[in-house]
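Let's take a friendly walk through this protein, starting with its open spaces and then moving to what is packed inside.

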Amino acid sequence: MSGLQAIRYTRGKLEVLDQLKLPHEHHYDEVSTSEEAFDSIKSMRVRGAPAIAIVAALGHAVELHHGSCKTCSPAETISYIDSRLDYLKQSRPTAVDLTNAITHLKATIRAVNVSEKNEASSHDAIIEAYIAAAEEIFRKDTETNLSIGEHGSKWLLENAPTKSADGKLSVLTHCNTGSLATSGHGTALGIIRSLHSAGHLTHAFCTETRPYNQGSRLTAFELVYEKIPSTLITDSMAGALFALKKDEKNIAAVIVGADRVVRNGDTANKIGTYSLAVLAKYHGVKFIVAAPTTSIDLNTETGAGIKIEERKPEELTQISGAVVGKDGKVDVSRTERVATAHQEIDVWNPAFDVTPAELIDAVVTERGVVVKGSSGSFDFKDIMPERWAKIVGE
């Protein structure tokens with residue numbers, strides 16, 4: 001598993017890697033309140049659906065550990081925790097992992113048996129239950145990612161449309177879905193790591209992922225750090241890559257993560273994912289979504305029901321980066337912000353798009369791989385039967 005850590009945690013202390021400073025500077029921010037967690041998520045110093053949920057859950061756990069909850073009665077303690085979680089939920093509305101984590105945490109504190117405890121003991125028991133549940137979300141995510149890597153690599157090797165003579169293949173990925181977006185290993189990038197470690201990967205291509213450049217800043221950084229053979233391309237080069245390099249490089253799949261997979265398989269992910277799915281379909285390249293079951297939203301039937309976050313215009317018209325000196329060397333001590341477009345142009349900046357299920361070949365989860373049925377939709381009933389029965393009831 002990768003040695004990179006986006007999140008460092010011990011009880012009472014949470015540190016979050018500032019991903020806006022990557023790849024040139026490795027700096028951790030200490031997060032000790034829900035407000036600091038909210039700002040870290042909203043500003044995208046931390047991003048990736050699993051990591052967002054972890055930072056929100058642990059950020060509140062840290063402040064609880066240090067006595068932020070001054071209430072007495074069990075009802076007041078639960079109400080306080082609820083209010084902090086409802087606040088954190090607004091930090092990134094599209095990513096469903098955060099919503100699912102909050103639902104789980106609220107259910108956990110309500111399940112604490114306080115019938116035979118006094119007020120002080122009840123207060124402490126509820127807070128301890130919350131902190132333990134938040135820590136379990138963090139721990140379990142790593143196991144989940146390793147399973148996704150195993151299931152996804154196996155499925156792709158069995159279903160790849162092209163391989164080299166020695167059984168190797170290449171892939172393209174979008175945005176960042178690795179250790180920096182999770183507790184470790186990653187989802188889509190986790191599959192790539194698993195392919196590479198088993199000797200089945202020829203090459204990994206990554207898009208720069210405009211406008212926030214998570215691919216060029218983060219995925220390229222991870223791939224180089226792991227010494228995985230890799231090449232960076234602009235988002236607009238994907239079609240040319242498939243047309244000119246598919247056969248030469250045995251490009252078998254596009255592998256992406258997900259911020260939300262709804263009941264029929266429609267998937268919200270970083271803007272540009274939909275375009276890649278269309279190109280993959282045309283060129284006969286498999287399109288794989290890698291997502292933990294916590295990213296699957298059974299309450300929303302189709303992609304039409306997904307709320308898409310829109311972000312500020314400056315993300316398109318301005319950019320920050322370390323200064324390159326006249327000698328060609330990067331000076332990490334100097335950062336400048338520059339304009340890349342006329343500052344008065346109108347900007348539309350959706351953070352995500354929705355890829356229709358019909359363009360997706362497989363959804364890889366920690367519980368296995370789901371492929372489309374004869375209806376053209378995905379059926380997640382077998383991998384999450386309890387949630388399906390509770391929500392869908394069929």
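## Ground rules

A pocket here is found on a 1 Å grid over the protein atoms alone: it is an open set of points where a 1.4 Å probe fits, with protein on both sides within 12 Å along at least five of seven lines, and its lining residues have an atom within 4 Å of a point. Grid points are joined across faces, edges and corners, and a volume is the space filled by probe spheres set on the points.

Please keep in mind that this is a predicted model, where local features need pLDDT of at least 70 and side-chain atom pairs count only at pLDDT 80 or more, while totals for chains, interfaces and linings use all residues. Residues are numbered from 1 along each chain as its sequence is written, and side-chain values use heavy atoms, leaving out hydrogens and water.

The largest pocket has a volume of about 1,000 Å³. Its lining comprises 33 residues, with Asn100, Ala101, His104, Thr294 and Arg387 nearest the centre. H4 is the top contributor to this lining, giving eight residues. (Helices are DSSP runs of H or I with at least four residues, strands are runs of E with at least two, and both are numbered from the N terminus.) By class, 14 lining residues are nonpolar, eight polar and 11 charged; Ala, Val, Leu, Ile, Met, Phe, Trp, Tyr, Cys and Pro count as nonpolar, Asp, Glu, Lys and Arg as charged, and the others, Gly among them, as polar.

The second largest pocket has a volume of about 620 Å³. It is lined by 26 residues, and Leu20, Arg217, Ser320, Gly321 and Arg337 are the closest to its centre. Helix H10 (314-317), strand S12 (318-324) and strand S13 (330-339) each give two or more residues to this lining, and S12 gives the most, with six.

## The nonpolar core

A nonpolar core is a set of buried Ala, Val, Leu, Ile, Met, Phe, Trp, Tyr and Cys residues joined through side-chain atoms within 4.5 Å; buried means under 20% relative accessible area with a 1.4 Å probe, protein chains only. The largest one has 50 residues, and those with the most contacts inside it include Ile7, Leu14 and Tyr130. H2 gives the most to this core, with 11 residues.

## One face of H1

Which residues of H1 are buried? They are Ser34, Ala37, Phe38, Ser40 and Ile41. Seen down the helix axis, they fall within an arc of 165 degrees, so they line one face of H1; the arc is taken from the directions from the axis to the C-beta atoms. Their cover includes S2, H2 and H3, where contact means heavy atoms within 4.5 Å.
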